Every structure is written in C-alpha cells, then in structure tokens.
Amino acid sequence: MTDFKMPSLGADMEAGKLAQWLVAPGDKVARGDVVAVVETQKGAIEIECFDAGEVAELVAKVGQTLPVGALLARIGSPGAAEAGTVPPAAPAPTGQAAPIPGPEPVFAQAPQPSVEPGAILASPAAKARAAEARVALSEVAGSGPGGAVLLADVDRHIAARPAAPPTAKPGLDMAEMRRAIAAAMTRSKREIPHYYLSHEIDLQTAQDGLAALNATRTPDRRLLMGALLVRAAVRALDKVPELNGRYEAGTAPARSEAVHCGVAVSLRGGGLIAPAILDAATKDTDALMAAMRDLVARARAGRLRMSEITQGTITVSSLGESGVDALFGVIFPPQVALVGFGTPRVRPMIRDGGVAARLAVTVSLAADHRVSDGRRGALFLAEIDRLLQEPLTP
Amino acid sequence: MTRNEIRAAFLADMTEVAPDLDPAAIGETDRFQDDLGLDSMDFLNLVSALHKRFGLPIPEADYSRLVTLAMALDYLEEALGP
C-alpha cells in the first residue's frame, strides 16, 4: 500500500484544493495516470500518480484545502495480498502540517429540485450519489417501487449526461497567480546571478521554407515560426548541454539528459505560465508543433498536468507576432537558462555586400553564471542561428 | 447559411479556442490579435476549426482578411457562396 500525497507544484506552493477525483476505489491505475485535479496558484492542475496499483481509498474530499504532503489516497500495490495483510504505511514524515483550517470545504449540493423535495422518493444511497455528482433527483427517472430513484438510476443518469463542459473560466485566481510569479521571480533574481547575451538571426530562409510548406497543408497541419524557434533552441542544447538542467539550493547543478522545454504562455487576463513539452529533443518539428498547440489550448482551458509544470529543464519565451524586438528574461528557478525570442520583423541586413530587407529575430539568452559562462552561452546562440539557416525539415 | 448562422458558428469556434473570451463582448470591429489578445497559436487553432467546420482551405495568404469579426464574416460569406 502506498500513500498518494498532495504534491508540491512549485517551491512557493504550500497547499492545494482538491477539485476533482478522476478515479474511484477499485480502479486500476498505472504510473503517470491522471487521478485528480487540484486547484493551485497556477490554475487547475491534473495530478498524475507515481505508482501502479489499485485505488484502495480516497482519503481527501473534494473541496478540501490540504497542505503539500497531506494524504490524498491510498493505492494498493498490484499483486499485493489483501489490503488488510499489508503492514500499515510508515508514519507520516515529521513536519507534516495538519490540514489548513481554511474556509469550510464546499461539498457538492444537489441543486434544489423544482418540485417539492418530499415528492421525490429516493434511496439514501441514491441521494448521496446525486448530491456528490450535483444531479437533481427530479431529473432522474426512478425504477424503484413507486418510481423511487435508486442508486443504479442515478449512475445511469450520470453516465448518460454529456461530459461536463470545460469550465469557461478556468478557476484562475489572478491575485494568487501574481503572488506565485512574484515569489518565483524574486527568488530567481535574489539567488541566480544572471548573465545576458543577444544575437540577431536572419529568418528569411526559414520563413520562405515555412510559407512554401504551409501552402501545401491544411490549417490543422500548418507550422508556426514559433515551433521552428523552439526546435532550434532544443537542438542547440546538444552543443551546450549545461544550459539544460536544474540547480537546487544546497546541491550541485544537475544536467538533464531529457529536454523538458518550458514554453511561456501569457494568459489574457494577465499572468504567465510556462508548462513544459516533455522530451522535446525526441520530437521533430511537426510533433513539437502539435505539442505546443495542445499545451497552449490546455493552458487557456486550465488543464495542465503536474509533470508539465514541475519538470521543466529550460524555458523558451517568445513575444510572438505583435511584440517588440527583444526580450530579456528572468530564469524560472530551479532552471539555469531562459531563451527569449523577440518579434520577427523585416530589417535591413547586409547580404553579399549589399543591404537587403530580411525577416530577422533577436534571440537572447539569460543564463545562470554559476553554471555556465558567456562564451558557452554565445556558442549556444550561434548554434541556434546555424540551425535556423538549414532547410526546413518538418 | 445566413450571415447570422455563420456568426454563431464562428463565435462557437472562437470561444472553443479562447474559452476566456465572452462571445457577447466581441465587437464587429475588434481586431482578434491586437484588441482581443489572440496569439498566433490561438489564431491558427481558430483557422483550423473553421477549416474543419466549413471545409474551406483558408490559405495563409487569406489571413489578412480575417482580422475582425466583420471582415471574417464577409470572407466566409463570400467563400461559402450563396
């Protein structure tokens, strides 16, 4: 039996509110399955489980605000004997805080039926299930004696109704998000000695290749320049791998084999989130583009996964099409580098001894001087430039 | 399709791509990128949704005709024919 606990979704996170369970006792889960949704400063985040097994017990209730490390559920090991014969889990680590006595947990209430409540016959189990699932008993066709609503009727009703539409406003508390950004950025500027480099890159070849390719494709398969820029940055890490990794206080800087590339997404209400494309180095341009589309859509809808917001090893921030020339970023701790792309713009550049109008972008690097030096950083930006001059390979 | 039907379909796709926008608050002449804050990824997702719904190719060369709701409705009306 293993304990499934409230995860930490960032150094600044102290507690999270359980918004939804996506599993029930008895369900089989595999490592990496999304099992719950937790509301945090970064919006609603889908939480994956770290163990395979069978859900034995859901300990936390939907609506409860619980500190990081609090027990959420118990998961039985696959193939383990009866739950009762498994020794009890080790005591909780010391220092684990008691549940935060925040606002009263909001338990789901059944909407008031339109007819007198007394008029609806329903079994206690059906009532409880309906309340839990926010189903009005008046809407459920009862199959019990005298038309009474039974548990099975409620379950059938729930199964038949359309999937809940995604919340239009993704439970984002902008003040909370602002606080999270403030905490991370203050820590970054306090702890990380940044150095900055910038370089102008001719994008005309890449742009011509992109336009020619997109002309042959339907909109759902088109690429954006942003995907080419991210791919070039990810590939350039081959040459300067020390920019890809994490540096936690009190430990040695750790390079990462995998590139989990954070992509900064600005939210229209204000605020910013940088979920990671996992294993970005293994993806070709098309796959990277698909991953970015998916990530942006889910960031807007407030449906990111825990691994995406906790495992980044480097971040790319782009101003997109309607920004300014250059962006000098603040590293997202505990990462050690951030690549910034300004808005591509047609500029005069010297080509073959003459002035030519070319699409160009300014790329910048903000890097941790404890981990790398300017010369290596310069090599990295030059490599991004070189890669962007290659013919486009989707 | 009437212009109103196209408008309703367009706004449905738009709010799917940008769930944080209120369709009632989108004015005829609001520019998607500059006024409503759609980025290039949102815009491409919108074009993809319109392509899927209407079966139109919508080449990149036509993007400049999809700047505001009024312009987009003109474009779609014309492309879909009478």
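Two strands are said to pair if DSSP finds at least two bridges between them. Helices (H or I, at least four residues) and strands (E, at least two) are DSSP runs, numbered from the N terminus. The model is predicted: local features need pLDDT of at least 70 and side-chain atom pairs count only at pLDDT 80 or more, whereas totals for chains, interfaces and linings use all residues. Residues are numbered from 1 along each chain as its sequence is written, chains are lettered from A and ligands numbered from 1 in the order in which they are written, and side-chain values use heavy atoms, with hydrogens and water left out.

**View 1. The hairpin of strands 19 and 20 of chain A.** Strand 19 (residues 345–351) and strand 20 (residues 354–368) of chain A are joined by seven bridges in the antiparallel sense. Within this pairing, A:Val346 is placed opposite A:Leu359 of strand 20. Two residues lie between the strands, and A:Asp352 adopts a positive phi near 50 degrees in this hairpin. A:Asp352 is not a glycine, and its relative accessibility of 85% makes it exposed (over 50% relative accessible area; buried is under 20% and partly exposed in between, with a 1.4 Å probe and protein chains only).

**View 2. The loop around A:Asp279.** A:Asp279 is found between strand 15 (276–277) and helix 6 (285–301) of chain A. Its phi is positive, at about 50 degrees, although the residue is not a glycine. With a relative accessible area of 36%, A:Asp279 is partly exposed.

**View 3. The cis peptide bond at A:Pro334.** The bond from A:Pro333 to A:Pro334 is cis, and its omega is near 5 degrees. A:Pro334 belongs to the loop that runs between strand 17 (314–318) and strand 18 (337–341) of chain A.

**View 4. The interface of chain A and chain B.** The contact (heavy atoms within 4.5 Å) draws 19 residues from chain A and 24 residues from chain B. Between them the chains bury about 1800 Å², of which 51% is on carbon and sulfur atoms; buried area is the accessible area (1.4 Å probe) that two parts lose on being put together, summed over both. Four salt bridges are counted between the two chains, a salt bridge being a side-chain nitrogen of Lys or Arg within 4 Å of a carboxyl oxygen of Asp or Glu. A:Arg268 forms a salt bridge with B:Asp42, where the closest N and O atoms are 2.8 Å apart. On the side of chain A that touches chain B, the elements giving two or more residues are helix 4 (204–215) and helix 6. Helix 6 gives the most, with six residues.
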